[in-house]
Amino acid sequence: MKKNIKVLTGVLAAVMLLLGLTACGNSGNSEGTTNGSAKFASIEQLKKNDKIRIGVFADKPPFGYVDSQGKNQGFDVYIAKRFAKDLLGDESKAEFVLVDAASRVAYLESNKVDIIMANFTVTDERKQKVDFASPYMKLSFGIVSPDSTPITSIDQLKAKGQKLIVAKGTTAETYFTKNYPDIELLKFDQYTEIFAALKDGRGAAIANDNTELIAWAKSNPGFTVSIPAFGGQDTIAPAVAKGNTELLNWINKEIETLGKEKFIHQAYKDTLKDVYGEGYSDQLVVEGGKIQ
């Protein structure tokens, strides 16, 4: 009899423990949903928090950078502020979190940000880890090199002693690793580091998004975008944690709405025009999430 009571007591204890764990799990889901590794907030919770955390670059002008007053600026930031205004009623409710290229996916997976808007190129590999919204920009790869020793062909980089500079976690790094494994890559975490490395001669050229390179070369005499476009056309889009369908749908609807007022063209005019000129807008801007 005593033995049966002990068994029954053990079973009841296990059931109570299971119920307790289930209750804890349900309590957490009242504020958000899990993506398998970390909980992300619902739109209701974002409104309750009165802020939305958006990952942007600190060192990639004119897309995302911190100005001399310590304020976030750039094309991505301009659009992100409008998201915050339309979702929460005030653009100042965007809490900008500084990321580098290699940390963008990890920051979504670990719930350090709600949205990534750090010049994030859409790729099949990244789609396995995050959910991309509709695009707001299109671009290609480019190569910048010194005027004195221009790299006008990718084959030049195969020569002994040549090094191609890339930022870790970028599509340029992935592209060359996959398609040109015989080209030696010199990798850095920060964009400031890749340009410093080119200036002091540690590498022969930089491969990156052509938009970034055109902007940099224009403000740095002695360097030229010697290969302006290669590798096909890519798109830039906001990204959310995998499975965060509610916020994804909101962003897609927002981008569609903004397209009706040509907002992305206005963002280009206010943040990129001085860098690229008026005539380049239609080649870069994707309005309403639809690629023409």
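Me: Contact means heavy atoms within 4.5 Å. By that rule, what covers the buried residues of helix H6?
Reply: This is a predicted model, where local features need pLDDT of at least 70 and side-chain atom pairs 80 or more, while totals for chains, interfaces and linings use all residues. Residues are numbered from 1 along each chain as its sequence is written, and side-chain values use heavy atoms, leaving out hydrogens and water. Helices (H or I, at least four residues) and strands (E, at least two) are DSSP runs numbered from the N terminus. The cover of H6 includes helix H5 (124–127) and the strands E10 (137–146), E11 (163–167), E12 (184–188), E13 (205–209) and E14 (223–236).

Me: Which residues of H6 are buried?
Reply: Buried means under 20% relative accessible area, exposed over 50%, and partly exposed in between (1.4 Å probe, protein chains only). Helix H6 spans residues 171–179. Its buried residues are Thr171, Ala172, Glu173, Tyr175 and Phe176.

Me: How many salt bridges does the structure hold?
Reply: A salt bridge needs a side-chain nitrogen of Lys or Arg within 4 Å of a carboxyl oxygen of Asp or Glu. The total for the structure is 14.

Me: How many residues apart in sequence are the parts tied together by Lys60 and Asp209?
Reply: The side chains of Lys60 and Asp209 form a salt bridge, N to O at 3.7 Å. Lys60 belongs to strand E4 (residues 59–60) and Asp209 to strand E13, so the pair ties together parts whose separation in sequence is 149 residues.

Me: Are Lys60 and Asp209 buried or exposed?
Reply: These two residues are partners in a salt bridge. Both Lys60 and Asp209 are buried.

Me: Where do Lys168 and Asp189 lie?
Reply: Their side chains meet in a salt bridge of 3.8 Å, N to O. This pair links distant parts of the chain, 21 residues apart. Lys168 is in the loop between E11 and H6, and Asp189 is in the loop between E12 and H7.

Me: What is the relative accessible area of Asp200?
Reply: Asp200 forms a salt bridge with Arg202, with the closest N and O atoms 2.9 Å apart. Arg202 counts as partly exposed because its relative accessibility is 39%. Asp200 is also partly exposed, and its value is 47%.

Me: Which residues are linked with Arg82 in a network of salt bridges?
Reply: Arg82 belongs to a network of salt bridges. The residues linked with Arg82 are Asp86 and Glu261.
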